[in-house]
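Welcome, and thank you for taking a look at this structure.

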Amino acid sequence: MAGGGATGGSVQADTYREARTWLLLPAWLVLGILTLAPLTIMLVYSFLTKDFRGGVVWDFSLAAYDQFFFDRGLFGDDPPRIEWTYIGIFWRSIWQAGLATLLSLAVGFPTAYFIATRPERERALWVFLVTIPYWVNLLIRTVSMRFLLRNEGPLNDGLMAIGVISEPLAIVNTNLAVQLGLFYSYLPFMVLPIYAAVERYNFALSEAAADLYAPRWTVLRRILLPAVRPGIVAGCILVFVPSLGSFLAPDLLGGARNFMIGSLIEEQFKGNAGNWPFGAAASMILLTLVLILLMVLARQSRKGEA
Amino acid sequence: MAKSHDVRRYPGFMAITILCLVILYAPLLVVAVYSFNASPSITIWEGVSLRWYVDVFTGPESAKFREAAWNSFIIAITAATTATAIATLAATAVLRSGRFRLRTFSLGLISLPLMVPEIVTAVATLIFFNAIAIERGLLTILLAHIAFCIPFAYMPISARMQGIEASYEQAAMDLYATKRQAFTRILMPLMMPGIVSGFLLAFIISLDDFIITNFVKGAGVETLPTAIFGAVKQGIKPNIMAISTLLLLVSIVLVALSWLIGRRDQARGR
């Protein structure tokens, strides 16, 4: 479903061969002008000079990338050292997104497996139950999470009422809250590809292993997991990629100390303090990271088909 | 087969599935319940009341939210309709016009908005509108929404078209239907469930969008998500929870509709 890109499917007929160009023209135009061209212009902007009132001056400059990677001191004439601030923010984002992905995998795999082994009639309903929250406004879900987790929120109230804790747990504005928010935002992306892979899995393999006295968990580790690996890799990438560039979860659940790439980029375009070329450069770096990951995904899925 | 030998079952997996559903639904349920709280504080429960729903429609902030909701609705309807039309034509070319050189390129272009992180699309679109000097406002929001709605409309439409054999149109043309007639009288009616699901998904996606809208909207133009975000920045208030619950209902009704259409149709196909 979502995230994996439109799949080709097989060519079934050539009924509308003559009309092909006209049929595709609107899509080419709209996506060419509103998606491909903007990405190209963004690349150009990342090599321009910043204007002090937001926007750019049309002078070629490497300043944005230089600012991202190097620290040249206050007057720009010290010997360059590596600038760790922005690399650090990227690193923290990768780390946060990675932990959120692991959390999604830990919950998503058993869920996907459980759904795939239900009787066929029930499966669609289970999948539907898991996907409904995805279609609810992401902003509202994130706000709801904040409402639930905050110090005076229902979760802490409930836990204190039953005496599990005596002090409220400070979850909001921590890394954990961000990870929970990301997990909550993208969990269906983990469940769906794994579900699809387990559904295709031939359980005779598990039975054969069990007949040869392999314990249950050995069957899982040695037979099932390798067989459904493409689904797991796809799920991890589909959760990791949007988590990496997410803005709402870190902004609403993480607070100022748990800054991620999304907020760094957003800041460059808000108000007059922004630096457009720097924002464009940070976006290019993020896009490059993501495209590398998606190429890994494409190779995996080709392996899965073979 | 005896239960102890059932290699499909793993202890604990069902518990985790239930935990998973609890995590997914608990925050939404909690907000929905608290939206009926009579108290102006979001912490103290003072009994059931509809006052915040009344507040949403008549309170001091109601004009702002009404205008934002109207903007969101107009944008979502227009963007989803346009994206669905574009996606239907594109799917026909990709699946029903033989093999051609730009097929992979076209598919890549259609799925591009799914692959590029939202924040990057937002930055790129803002820069684009700045470079060609269009003033930011409703129109720029609409254009951006049309683009990212296309893949969401395309997915169910393409899936549906793959399930329709070309022989129906062939039969029509054997009976002297023109290609145009085969398309409008045979393929389109058969495609309807896919087109409706595609439209509904595109509509929800447009209604949901915050990040891209936040970048390309002009000053003073708000959609519901940007208005809610602005309000939440000043703290979660009970009227926000009422609006959220209403939006939640809209999304769930639309998704359920899309699902039921797909299912009824599948049942008929069997």
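A word on residue classes comes first: Ala, Val, Leu, Ile, Met, Phe, Trp, Tyr, Cys and Pro count as nonpolar, Asp, Glu, Lys and Arg as charged, and the others, Gly among them, as polar. This is a predicted model, in which local features need pLDDT of at least 70 and side-chain atom pairs count only at pLDDT 80 or more, while totals for chains, interfaces and linings use all residues. Residues are numbered from 1 along each chain as its sequence is written, chains are lettered from A and ligands numbered from 1 in the order in which they are written, and side-chain values use heavy atoms, with hydrogens and water left out.

On a 1 Å grid over the protein atoms alone, a cavity is a set of points where a 1.4 Å probe fits but cannot get out, whereas a pocket is an open set with protein on both sides within 12 Å along at least five of seven lines; lining residues have an atom within 4 Å of a point. Grid points are joined across faces, edges and corners, and a volume is the space filled by probe spheres set on the points. Searching the whole structure turns up five cavities of 30 Å³ or more.

The largest cavity has a volume of about 730 Å³. Its lining counts 37 residues, and nearest its centre lie A:Tyr134, A:Tyr186, A:Pro242, B:Glu118 and B:Phe152. By class, this lining has 28 nonpolar, five polar and four charged residues. Helix H7 of chain A (residues 175-200) gives the most to it, with four residues; helices here are DSSP runs of H or I with at least four residues, numbered from the N terminus.

The second largest cavity holds about 60 Å³ of space. Among the residues that line it are A:Leu34, A:Thr35, B:Pro113 and B:Phe148. H6 of chain B supplies the largest share, three residues. What classes make up this lining? There are six nonpolar, three polar and no charged residues.

Now for an open space. The second largest pocket has a volume of about 390 Å³. It is lined by 16 residues, and B:Phe57, B:Phe65, B:Ala69, B:Leu224 and B:Leu246 are the closest to its centre. H3 of chain B gives the most to this lining, with seven residues. The classes here are 13 nonpolar, two polar and one charged.

Finally, see how the two chains meet. Taking contact as heavy atoms within 4.5 Å, 98 residues of chain A touch 106 residues of chain B. Together the chains bury about 9500 Å², 76% of it on carbon and sulfur atoms; buried area is the accessible area (1.4 Å probe) that two parts lose on being put together, summed over both. On the chain A side, A:Tyr16, A:Trp135 and A:Phe147 lose the most area to chain B, together 9% of what that side buries.

Which charged side chains link the chains? B:Lys179 and A:Glu18 meet in a salt bridge at 3.1 Å, N to O, the term meaning a side-chain nitrogen of Lys or Arg within 4 Å of a carboxyl oxygen of Asp or Glu.

Key: Helices (H or I, at least four residues) and strands (E, at least two) are DSSP runs, numbered from the N terminus.
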